[in-house]
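Keep the sequence and the 3D view open as you read.

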Amino acid sequence: MKKYCYSITFIFLVLLSSFSVEAQDAKAQRYRADRLFEIKNSAAASEIYEALIDGGERDVDLLYKAGASLVESREIQKQLKALPYLEFAYQNKDEKLPREIDLYLGIAYHKSAQLNKALEHFNAYKKQLGAS
(Lines give C-alpha, C1' and ligand atoms only; values in the text may rest on other atoms or scores of the structure.)
Protein backbone atom coordinates (compact mmCIF):
# COMPACT_ATOMS: atom_id res chain seq x y z
CA MET A 1 0.00 0.00 0.00
CA LYS A 2 2.85 2.36 0.85
CA LYS A 3 4.48 1.68 -2.51
CA TYR A 4 1.20 2.48 -4.26
CA CYS A 5 0.90 5.84 -2.44
CA TYR A 6 4.49 6.74 -3.35
CA SER A 7 3.80 5.94 -7.01
CA ILE A 8 0.71 8.13 -7.10
CA THR A 9 2.54 10.96 -5.34
CA PHE A 10 5.44 10.69 -7.80
CA ILE A 11 3.11 10.78 -10.81
CA PHE A 12 1.26 13.78 -9.36
CA LEU A 13 4.52 15.67 -8.82
CA VAL A 14 5.71 14.92 -12.35
CA LEU A 15 2.43 16.21 -13.81
CA LEU A 16 2.52 19.29 -11.61
CA SER A 17 6.08 20.13 -12.65
CA SER A 18 5.23 19.73 -16.36
CA PHE A 19 2.45 22.34 -16.03
CA SER A 20 4.92 24.69 -14.37
CA VAL A 21 7.44 24.20 -17.19
CA GLU A 22 4.77 24.92 -19.81
CA ALA A 23 3.82 28.16 -18.05
CA GLN A 24 7.46 29.22 -17.89
CA ASP A 25 7.91 28.27 -21.53
CA ALA A 26 4.93 30.41 -22.54
CA LYS A 27 6.35 33.31 -20.53
CA ALA A 28 9.74 32.91 -22.21
CA GLN A 29 8.12 32.68 -25.64
CA ARG A 30 6.10 35.82 -24.96
CA TYR A 31 9.25 37.67 -23.87
CA ARG A 32 11.04 36.54 -27.04
CA ALA A 33 8.13 37.54 -29.28
CA ASP A 34 7.91 40.96 -27.61
CA ARG A 35 11.63 41.55 -28.22
CA LEU A 36 11.23 40.51 -31.88
CA PHE A 37 8.24 42.84 -32.19
CA GLU A 38 10.29 45.73 -30.78
CA ILE A 39 13.02 45.27 -33.40
CA LYS A 40 10.39 45.00 -36.16
CA ASN A 41 11.01 41.30 -36.93
CA SER A 42 7.33 40.79 -37.58
CA ALA A 43 7.61 37.43 -39.34
CA ALA A 44 9.27 35.69 -36.42
CA ALA A 45 7.17 37.52 -33.83
CA SER A 46 3.88 36.65 -35.52
CA GLU A 47 4.69 32.93 -35.51
CA ILE A 48 5.33 32.97 -31.76
CA TYR A 49 2.28 35.14 -31.05
CA GLU A 50 0.04 32.80 -33.05
CA ALA A 51 1.41 29.79 -31.16
CA LEU A 52 0.67 31.54 -27.87
CA ILE A 53 -2.86 32.38 -28.99
CA ASP A 54 -3.39 28.79 -30.12
CA GLY A 55 -2.20 27.79 -26.65
CA GLY A 56 -5.02 29.77 -25.07
CA GLU A 57 -3.59 33.20 -24.25
CA ARG A 58 -5.96 36.05 -25.12
CA ASP A 59 -4.85 39.33 -23.54
CA VAL A 60 -5.30 42.62 -25.40
CA ASP A 61 -1.61 43.44 -25.75
CA LEU A 62 -0.84 39.99 -27.17
CA LEU A 63 -3.63 40.22 -29.73
CA TYR A 64 -2.61 43.75 -30.72
CA LYS A 65 1.00 42.71 -31.27
CA ALA A 66 -0.05 39.55 -33.12
CA GLY A 67 -2.32 41.57 -35.41
CA ALA A 68 0.28 44.28 -36.00
CA SER A 69 2.90 41.65 -36.83
CA LEU A 70 0.57 39.87 -39.23
CA VAL A 71 -0.34 43.12 -41.00
CA GLU A 72 3.37 43.66 -41.66
CA SER A 73 3.66 40.22 -43.31
CA ARG A 74 4.30 39.90 -47.02
CA GLU A 75 1.70 37.15 -47.39
CA ILE A 76 -1.86 38.33 -47.98
CA GLN A 77 -3.35 35.36 -46.10
CA LYS A 78 -1.43 36.33 -42.98
CA GLN A 79 -2.43 39.96 -43.40
CA LEU A 80 -6.09 38.92 -43.51
CA LYS A 81 -5.66 36.88 -40.31
CA ALA A 82 -4.70 40.09 -38.49
CA LEU A 83 -8.17 41.62 -38.59
CA PRO A 84 -9.92 39.54 -35.88
CA TYR A 85 -6.96 39.98 -33.52
CA LEU A 86 -6.89 43.74 -34.02
CA GLU A 87 -10.67 44.06 -33.73
CA PHE A 88 -10.65 42.20 -30.41
CA ALA A 89 -7.82 44.36 -29.10
CA TYR A 90 -9.60 47.54 -30.22
CA GLN A 91 -12.92 46.56 -28.66
CA ASN A 92 -11.21 45.74 -25.35
CA LYS A 93 -8.56 48.44 -25.45
CA ASP A 94 -7.10 50.11 -22.41
CA GLU A 95 -4.74 53.04 -21.89
CA LYS A 96 -1.64 50.84 -22.47
CA LEU A 97 -2.61 50.05 -26.03
CA PRO A 98 -0.62 52.17 -28.52
CA ARG A 99 -2.45 54.64 -30.72
CA GLU A 100 -1.09 52.78 -33.76
CA ILE A 101 -4.00 50.35 -33.31
CA ASP A 102 -6.03 52.65 -35.57
CA LEU A 103 -3.31 52.58 -38.23
CA TYR A 104 -3.05 48.79 -38.18
CA LEU A 105 -6.83 48.41 -38.18
CA GLY A 106 -7.04 50.75 -41.15
CA ILE A 107 -4.52 48.64 -43.04
CA ALA A 108 -6.26 45.39 -42.07
CA TYR A 109 -9.67 46.71 -43.14
CA HIS A 110 -8.15 47.97 -46.39
CA LYS A 111 -6.64 44.54 -47.10
CA SER A 112 -10.01 42.90 -46.47
CA ALA A 113 -11.78 45.40 -48.80
CA GLN A 114 -13.75 47.14 -46.03
CA LEU A 115 -12.85 50.60 -47.23
CA ASN A 116 -15.28 52.68 -45.16
CA LYS A 117 -14.00 51.15 -41.92
CA ALA A 118 -10.44 51.57 -43.17
CA LEU A 119 -11.02 55.29 -43.75
CA GLU A 120 -12.57 55.68 -40.29
CA HIS A 121 -9.49 54.25 -38.62
CA PHE A 122 -7.04 56.09 -40.84
CA ASN A 123 -8.81 59.37 -40.02
CA ALA A 124 -8.84 58.53 -36.30
CA TYR A 125 -5.10 57.84 -36.45
CA LYS A 126 -4.50 61.08 -38.38
CA LYS A 127 -6.51 63.00 -35.77
CA GLN A 128 -4.41 61.44 -32.96
CA LEU A 129 -1.22 62.48 -34.72
CA GLY A 130 -2.47 66.04 -35.07
CA ALA A 131 -3.39 66.18 -31.38
CA SER A 132 0.10 65.24 -30.18
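## Arginine 30

R30 is part of helix α1, which spans residues 2–38 (helices are DSSP runs of H or I, at least four residues, numbered from the N terminus). The model is predicted, so local features need pLDDT of at least 70 and side-chain atom pairs pLDDT 80 or more, while totals for chains, interfaces and linings use all residues. Residues are numbered from 1 along each chain as its sequence is written, and side-chain values use heavy atoms, leaving out hydrogens and water.

R30 counts as buried because its relative accessibility is 14% (buried means under 20% relative accessible area, with a 1.4 Å probe and protein chains only). Beyond its neighbours within four places in sequence, R30 is in contact with residues including Y49, L52 and D61 (contact means heavy atoms within 4.5 Å).

## Aromatic pairs

How many aromatic pairs are there by the ring rule? The count comes to 3 (Phe, Tyr or Trp rings, the last by its six-membered ring, with centres within 6.5 Å; planes under 30 degrees apart are stacked, over 60 edge-to-face, the rest tilted). F37 and Y49 form an edge-to-face pair, because their ring centres are 6.4 Å apart and their planes stand at 70°. F37 belongs to helix α1 and Y49 to helix α2 (residues 42–54), so this pair ties together parts 12 residues apart in sequence. Both F37 and Y49 are buried.

Y64 and Y104 are also edge-to-face, because their centres lie 6.1 Å apart with planes at 65°. Ring pairs join F37, Y49, Y64 and Y104 into a cluster.

Definitions and conventions: Helices (H or I, at least four residues) and strands (E, at least two) are DSSP runs, numbered from the N terminus. Buried means under 20% relative accessible area, exposed over 50%, partly exposed in between (1.4 Å probe, protein chains only).
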